[in-house]
Amino acid sequence: MRKAFILLFLSLCSSLSAAYFIPVKRIQDNDIFQSPALLAAEDNENNFSIDVKSYADFDMLEFFSDPASVLTGAAYYLRDFILDKDDQYLLDNYDIIKNIFSFDPGFPSKHQNVSENAHYIREYLNKNFENIGKGNRARAVLNALSSNLSVFPQDTSSLVDGNLDLSLALNWNGISDGFGWKGGVDIVYDGASSLLDSFSYSGYDYGSTLYFTLGASVGYGTYVSDKVAVGISFTPRFIFRTTTLNTSLLESRISGSFIQFLASNRFDFGAAIELDFGLMLNAGENARILLDFRSLPSIEMFWYFSASDVMENFSFHEDENIYYSMPDIAVGVIWEKGSMEMKAEISSIMSQVLLVKKLPFFSFDILSIPRFSFTYGFSDMLSVEAGYRERLVYAKIMYSFFNAEFSTRVDRPGIGFSAGFEF
């Protein structure tokens, strides 16, 4: 038995040393298991909950109804990008530029004379670009996004947004004498922040990802002195995941074919684990201070098949990559008095600093650092809450076993709505 354990341990170490480590976003909402020391102070309870959440910015809503219009700014950015290039660039990249406008037989032929070739391309962009129509201009944006010219900037939110997030969660949880547990199913669609996002790292392409998870969280919190409590939580999950590139999303909507949405996808099946540790200090009669160490670690491992595998000899492939969420440190305060409760937290500093070093396309987001909320209870049945989290401002009403929330982002217009039931 001991020999078998040693062999298993050495095999795992060998796999980890040979793997690429790919950073990915956490998909779980913050809950008590992210601050497990709170379990030491919570009353015993047991309940079942259903939560539905959605958010879409206005660009994504317009994209569904009229994709050509929402891509107009990106189309003119593409035109200006090509016009700004020198004559030699236009000759060297003629075949790629022609492919961007492959839908138009009127695109000028290639001329070996550098100046003449550039003249006809610029004439086409200055005179014919308006006439090809907004639908073809949207097609040009899609073709440019698939090319290797790196036309669009890393942060494309100035050209077009297009974020969409959806989730459905069914959970059964309980707390008893400091011990907490939660089991459930989550279906999450985590959309890319912009329709033009096109990021990759070590062969992994980031995009809009659909998750189906089946898992549980277990944790324990206890007081180690009159004022100090510690807690630890462990979250194992089974995961199904598939990521759609934005080029596939654009192609699907522009062509009106849903098959294009999934045609290039890979379908991943695997497991994940997450470990969190926390401290809590009772600072007076009404306040508590929290210090949490999150994602220590948080890793995912997968086996996968692609759409082409379904049509050919179906088989699973082992993904040699290890996916992980960046570790983080959070500092929080909870203040309660009578029917009022205020919460504040600072987090995502350490995780973002690590991401900036790891991913060349990631930029530090100061607006994602703070979280705060204010809750007021009118009665045992009715309470309201307002707050801010991850660029969202929200208002929430809780009546008996039902709650509803409305939200919008502070940096781009959009509409968010969620509803939940707890029994």
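## Helix 12 and its cover

Strand 1 (21–23) and strand 14 (328–337) are among the elements that cover the buried residues of helix 12, where helices (H or I, at least four residues) and strands (E, at least two) are DSSP runs numbered from the N terminus. This is a predicted model, in which local features need pLDDT of at least 70 and side-chain atom pairs count only at pLDDT 80 or more, while totals for chains, interfaces and linings use all residues. Residues are numbered from 1 along each chain as its sequence is written, and side-chain values use heavy atoms, with hydrogens and water left out.

In helix 12 (residues 349–358) the buried residues are Ser351, Gln352 and Leu355, buried meaning under 20% relative accessible area with a 1.4 Å probe and protein chains only. These residues lie on the same side of helix 12 because they cover an arc of only 95 degrees around the axis, taken from the directions from the helix axis to the C-beta atoms.

Neighbours within four places in sequence aside, Leu250 is in contact (heavy atoms within 4.5 Å) with Phe63, Leu71, Leu142, Leu145, Leu195 and Leu196.

## Thr213

Thr213, in strand 7 (residues 208–223), is buried, with a relative accessible area of 1%. With neighbours within four places in sequence left aside, the contacts of Thr213 include Ile27, Gln28, Asp186 and Ile239.

Conventions: Buried < 20%, exposed > 50% of the residue type's maximum accessible area, 1.4 Å probe, protein only.
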